[in-house]
Amino acid sequence: CRGVRWIWQQDQQIADPTPLTSRFSRIRVLAAAFDHFVAVYDGGKRSLVLRGIPETRVTVIYNGVADHAARRPPGWLRRELGLPDAALVGITVGSLIPRKRMAFQVEAVSGVRSSGECFHLVIAGDGPERDSLKAYAHGQGVADRVHFLGLRNDVRDLLAESDVLLHTSAAETCTYAVSEAMAAGIPAVVTEAGAAREQILDGQTGYVVAADDRSGFRGRLLQLLRDPGLRKRMGEAARPRWHERYRVEEAARRYHRLYRTLAAGAAAGAS
């Protein structure tokens, strides 16, 4: 195995260390076993370096997503759900688990409804919180505005039918759903976690609000819903950012370059 090089890939959010964990952590132990580390967002690299991994042994490669052309005629989702053509549709994608904080979004729908907007939220995903979220939507008076679609294999088509992405997870890395929304050319309103401020250019391709800022989240969402020109401008700005940073082809190119570099070093060391 002298010619083997081992790479550890960060696939969950890594918090910045405390003074104690900057000196004593499992990641520092990993450094003895792995030759290189891949972080999927810039903040992840910073956290690894703060935990004692040499910066020269960490490469940032953003999670990449492929492009997608809508396969159905426009308006199919509103017809499927029985919504008026003028209804505004928000989408959220993810497992229905506590970390995703879907109740945060249901609460936002309630606030938007009280403001008089015809807004519907579609939830693509399933999980143990499904029944409790349905009950919460009923208690908030928005059971008719929140649509639980369950597990879907056509999320990219759903994104193409949506006006805005909502994302409120408590912890993330470089979120695939956000990048897919960028590729679909729609803006996003997200709470701050992981790579949120790296993926979303706040005020340009969407909005990023503090993790527990419910009023701020609702306000930014309303701002987008009430201004179709703003939604269009932000969506048009989001797609080029995806193309530059978050395409799967770009991620593959960076992995290929990293593997070739490490393999060349391994071959030199083994000779």
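1. Helix α7 (residues 176-184) and helix α10 (residues 228-246) have axes that come within 6 Å and cross at roughly 125 degrees. That crossing angle makes α7 oblique to α10, and the handedness of the crossing is left-handed. Keep in mind while you look at this that the model is predicted.

2. Who does the touching here? On the α7 side, the contact is made by Ser-179, Met-182 and Ala-183. On the α10 side, look for Ala-238, Arg-239, Arg-241, Trp-242 and Tyr-246. If you sort the residues of this α7 and α10 contact by class, you get five nonpolar, one polar and two charged.

3. Now hop over to helix α4 (residues 102-114) and helix α5 (residues 130-139). Their axes come within 10 Å and cross at roughly 20 degrees. Angles under 35 degrees count as roughly parallel, so α4 gets the label roughly parallel to α5. The crossing of α4 past α5 is right-handed.

4. For the residues behind that pairing, α4 brings Met-102, Ala-103, Val-106 and Glu-107, while α5 answers with Leu-133, Tyr-136 and Ala-137. By class, the α4 and α5 contact has six nonpolar residues, no polar ones and one charged.

5. The axes of α4 and α9 come within 10 Å and cross at roughly 55 degrees. With that angle, α4 is oblique to α9. Here α4 passes α9 in a right-handed crossing.

6. From α4 you'll want Phe-104, Glu-107, Ala-108, Gly-111 and Val-112. From α9 the list is Arg-214, Phe-217, Arg-218, Leu-221, Leu-222 and Leu-225. Split by class, the contact of α4 with α9 comes out as seven nonpolar, one polar and three charged.

7. How many cavities of 30 Å³ or more does the structure hold? There is one. The largest cavity has a volume of about 60 Å³.

8. Finally, what surrounds that space? The largest cavity is lined by 13 residues. Lying nearest its centre are His-167, Thr-175, Thr-191, Ala-193 and Ala-196. Two elements, β8 (188-191) and α8 (196-199), each supply at least two residues of the lining.

Definitions and conventions. Residues are numbered from 1 along each chain as its sequence is written. This is a predicted model: local features need pLDDT of at least 70, side-chain atom pairs count only at pLDDT 80 or more; totals for chains, interfaces and linings use all residues. Side-chain values use heavy atoms; hydrogens and water are left out. Axes are lines fitted to C-alpha atoms, for helices over the stretch in contact, and angles run from 0 to 180 degrees between N-to-C directions. Helices (H or I, at least four residues) and strands (E, at least two) are DSSP runs, numbered from the N terminus. Angles under 35 degrees count as roughly parallel, over 145 as roughly antiparallel, 65 to 115 as roughly perpendicular and the rest as oblique. A crossing is left-handed if the near helix is turned anticlockwise from the far one by less than a right angle, and right-handed if clockwise. Contact means heavy atoms within 4.5 Å. Ala, Val, Leu, Ile, Met, Phe, Trp, Tyr, Cys and Pro count as nonpolar, Asp, Glu, Lys and Arg as charged, and the others, Gly among them, as polar. On a 1 Å grid over the protein atoms alone, a cavity is a set of points where a 1.4 Å probe fits but cannot get out, and a pocket is an open set with protein on both sides within 12 Å along at least five of seven lines; lining residues have an atom within 4 Å of a point. Grid points are joined across faces, edges and corners, and a volume is the space filled by probe spheres set on the points.
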